[in-house]
Amino acid sequence: MPFSDSVLKKNSNWAKDVLESKEADYFKQFLDGQSPELLWIGHTNCGGIEASLDIDALDGPIKEWLSPINKLYLDNKDEMDKLSCRKEKLDNLCKLNIRRVVGIIDELDFINKARSNGDIIKIKGWIYDIGSGSLHDLGITTH
């Protein structure tokens with residue numbers, strides 16, 4: 001068994017033992033007082049974003065996976081048409097998609113359950129610019 005598999009198996013067994021023991025609240029004690037921030041990071045020069053613009057050329061699971069991005073493009077076509085070059089359109093679509101996915105994550109059952117239990121969870125949207133190697137906060141934050 002590879003070393004990493006061995007470590008993961010031991011950790012999994014340990015966590016199971018703790019959860020089944022008298023110390024079932026062992027992990028919860030570490031969560032008290034924390035306010036997790038989750039990052040969704042998209043990136044420029046994304047092949048998926050670009051492929052979504054020519055959705056009719058695709059088929060199978062990839063078409064289904066990229067269809068929401070194509071719909072996002074069509075829903076914002078007036079705004080996209082104002083941009084002067086394809087790269088700007090793709091970068092803008094990437095940012096719009098990050099906003100979309102942050103919204104989806106924000107509505108997940110386990111996020112809402114944690115919030116209903118009093119946990120403060122923030123979901124943030126950032127973008128990684130492949131060309132410059134820089135990471136940018138898009139100012140997208142849910143509470």
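Visitor: What makes β2 and β3 a hairpin?

Guide: Four residues lie between β2 and β3, and Gly133 in that turn has a positive phi of about 75 degrees. This is a predicted model, in which local features need pLDDT of at least 70 and side-chain atom pairs count only at pLDDT 80 or more, while totals for chains, interfaces and linings use all residues. Residues are numbered from 1 along each chain as its sequence is written, and side-chain values use heavy atoms, with hydrogens and water left out.

Visitor: How do you know that β2 and β3 pair?

Guide: Two strands pair if DSSP finds at least two bridges between them. β2 (residues 122-129) and β3 have six bridges, in the antiparallel sense, so they pass that test. Trp126, for instance, has Asp137 in β3 as its bridge partner.

Visitor: In what sense do β1 and β2 pair?

Guide: In the parallel sense, over seven bridges; here His43 has Tyr128 in β2 as its partner.

Visitor: Why are β1 and β3 called edge strands?

Guide: β1 (37-43) and β3 (134-141) each pair on one side only. The open sheet runs β1-β2-β3 with mixed pairing, and its twist averages 30 degrees from one strand to the next. Angles, from 0 to 180 degrees, are taken between N-to-C directions of lines fitted to C-alpha atoms, for helices over the stretch in contact.

Visitor: What makes you say that α6 packs on the sheet?

Guide: Helix α6 (residues 86-106) touches β1, β2 and β3, and its direction makes about 155 degrees with that of β2. Contact means heavy atoms within 4.5 Å.

Visitor: What polar atom lies 2.6 Å from the side chain of Ser52?

Guide: The backbone oxygen of Ile49 lies at that distance from a polar atom of the Ser52 side chain.

Visitor: Where does Ser52 sit, and how many helices and strands are there?

Guide: Ser52 is in helix α3 (residues 47-52), and the chain has seven helices and three strands. Both kinds are DSSP runs numbered from the N terminus: H or I over at least four residues for helices, E over at least two for strands. Along the sequence the pattern is α-α-β-α-α-α-α-α-β-β.

Notes
A polar contact is a pair of N or O atoms within 3.5 Å; within protein, one must be able to donate a hydrogen and the other to accept it, and residues adjacent in sequence count only if both atoms are side-chain atoms.
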